[in-house]
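Work through the exercises below with the sequence and the model open. Try each task before reading its solution.

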Amino acid sequence: MKFVILNGSPRETKSVTYQYLRYIEINFPGNEYIVHHIGRKIKKIEKDQEYFDSILKDIAAADGVIWIYPVYLLLIPSQLKRFIELVFERKKLSYFQGKNATSISTSANFYDHLAHNYIHAISEDFGMRYYRGYSAEMMDLLKKKERKRLLNFTKQFIIQCENKLETAKVYSPLTFDYPIYKPLNVIMQPKTKKHKITVLTDALESDISLNNMIETFVKLMPCEVSVVNVNKINIRGGCLGCLNCIADNICFYPDEHMEIFSKYTVEADAVVYAYKTQDRYFTSRMKIFQDRSFFNGHRPVFKGQQQAFFVSGPLRQLPILREVIEAIPEIGRANLVGVVTDEYNDSKQITTLIQNIIDGMLWGIEHNKYTRHKTFLGVGGHKVFRDLIHMYQIIFPQDYYYYKKEKLFDWPKIFFGGFGFILKPLMRSSYFRKRFFAQAGKYQIKMYTKVVKKEEDDNNKTKK
Ligand SMILES: Cc1cc2nc3c(=O)[nH]c(=O)nc-3n(C[C@H](O)[C@H](O)[C@H](O)COP(=O)(O)O)c2cc1C
């Protein structure tokens, strides 16, 4: 069998993920493995058409395509995203048509499912039969049990390729047929408030709806707004995963990213991320900006910030992107005020929704940086980060000190506290357990009714 491997890691052969492939190669020696280091060579791939075409030719002659990548900021690295964009832009989907595909990633299993779902959807868009991928925790290859699992996964993929087995389709093709957003009668509001507001965007001149959404926001917001366009700032390239930044949170690239990130996003009271969709995510240019924020480590520097997203494109058909949008503020302990898209036939509705975002942002800023409750996205995310930073405290010293100072190592306490010592042995008795559970519900509700009753009493007292 002939496999083409598309390696998204900018670390090329020094990549952790690549070692998983090497392990497979050694265990299945009868096959041919052609590796393309997309993550490292993306600039050459983009400029050198012949080189790009040679990759496509390899794909056309292959029995299977294996995407391998590290998870970067809830998705794949910007470089691999750019490669996917090139395939769409240059209309080269036919080279992938009918191939078998799968993926292997390494990560800390933090939102790895989104990266996998994205690659799954893209593989289907490319017309491939996608066999569900393998998401390894980065240390898995060091464990015997996990190595065995990896080999079994590979065996199954090879069977898949040999027999050209059908796979169930999960994603529908995308459509978008909404009119351009054209705001009417939007009057510039006096800039009476002093809050620091930023719009971060990747809009080109041709992105009329997105530019109009930004213009409406700038006009209606009663504060000055800084609009930062990631296409107009000096960003020299995507994150290379070199990890030089983690000791003191400084990226090695001599460009404007760090300054813009700190001055216009971290220090702002509110930020609107105004992006268009490209294939099933935002653009790779925007992803470069996101990936490069890794220099900041895992500290929730956006705590209490009011955030919103303006999206041009079919977001209602993009559950993966929707989850990213909802997860980012929760992970960062910011407040997601709302998401406005241009999926409306009536421009008036979009203007109203932008006004609602402004009202929500001001309300949040002026109410002690109000932040909505967290869901699993934020709660689960925090626990994974917390454990990771505790485990790798030598490697992430700045994160570790921050987590300690902010009391983010919030390990769970045993319910019933000290009583646990008495209750634990008693619970071994079935007689005691039965009596305990007969009363448990009542006691549980009693804790809540006590709080509610106290609130009622306090309110009655203040009324008097
Ligand atoms: C810029 C950057 C972003 C990352 N984002 C994530 C993430 O969102 N989720 C996760 O589980 N791991 C994340 N990681 C960890 C990598 O996925 C992990 O270290 C991976 O094994 C690196 O593989 P590689 O050596 O093949 O590039 C990130 C690492 C970097 C450098």
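This is a predicted model: local features need pLDDT of at least 70, side-chain atom pairs count only at pLDDT 80 or more; totals for chains, interfaces and linings use all residues.

**Exercise 1. The shell around the ligand**

How many residues surround the ligand, and which are the closest? Describe the shell by class, by element and by domain.

Solution. 

Step 1. The ligand is surrounded by 20 residues, and the closest are Ser9, Ser15, Thr17, Thr106 and Ala108.

Step 2. Sorted by class, the shell contains 11 nonpolar, seven polar and two charged residues.

Step 3. Two elements that each supply at least two shell residues are α1 (16–27) and β4 (100–107).

Step 4. Domain 1 (2–163) and domain 2 (197–366) each contribute at least three residues to the shell.

Step 5. Look at the contacts with oxygen atoms of the ligand. A polar side-chain atom of Ser15 lies 2.6 Å from one such atom, and a polar side-chain atom of Arg11 lies 2.9 Å from an oxygen atom of the ligand. For Ala108 it is a backbone N or O atom, 2.7 Å from an oxygen atom of the ligand.

Step 6. On its own, the ligand has 650 Å² of accessible area, and the protein covers 91% of that area.

**Exercise 2. Aromatic pairs**

How many aromatic pairs does a search of the whole structure find? Classify the pair Trp67 and Phe126, then the pair Phe110 and Phe385.

Solution. 

Step 1. The search finds 30 aromatic pairs.

Step 2. The rings of Trp67 and Phe126 are 6.2 Å apart, centre to centre, with 40 degrees between the planes, and the pair is tilted. Trp67 is in strand β3 (residues 64–70) and Phe126 is in the loop between α5 and β5 (129–130), 59 residues apart. Both Trp67 and Phe126 are buried.

Step 3. For Phe110 and Phe385, the ring centres are 4.2 Å apart and the planes are at 15 degrees, so this pair is stacked. Phe110 is in the loop between β4 and α5, whereas Phe385 is in helix α12 (residues 376–391), 275 residues apart.

Step 4. Phe110 has a relative accessible area of 12% and is buried. Phe385 is buried as well, at 14%.

Step 5. One aromatic cluster is formed by Phe3, Tyr33, Tyr131, Tyr134, Phe153 and Phe157.

**Exercise 3. Domains**

Into which domains is the protein chain divided?

Solution. 

Step 1. The division gives domain 1 (2–163), domain 2 (197–366), domain 3 (376–405) and domain 4 (417–463).

Step 2. Between the C-alpha centres of domain 2 and domain 4 there are 45 Å.

Definitions and conventions. Residues are numbered from 1 along each chain as its sequence is written. Side-chain values use heavy atoms; hydrogens and water are left out. A residue is near a molecule or strand if one of its heavy atoms lies within 4 Å of it. A polar contact is a pair of N or O atoms within 3.5 Å; within protein, one must be able to donate a hydrogen and the other to accept it, and residues adjacent in sequence count only if both atoms are side-chain atoms. Accessible areas come from the Shrake-Rupley method with a 1.4 Å probe; for residues, only the protein chains shown count as cover. Helices (H or I, at least four residues) and strands (E, at least two) are DSSP runs, numbered from the N terminus. Ala, Val, Leu, Ile, Met, Phe, Trp, Tyr, Cys and Pro count as nonpolar, Asp, Glu, Lys and Arg as charged, and the others, Gly among them, as polar. Domain bounds come from an automatic or database domain assignment. Rings of Phe, Tyr and Trp (its six-membered ring) pair if their centres lie within 6.5 Å; planes under 30 degrees apart count as stacked, over 60 as edge-to-face and the rest as tilted. Buried means under 20% relative accessible area, exposed over 50%, partly exposed in between (1.4 Å probe, protein chains only).
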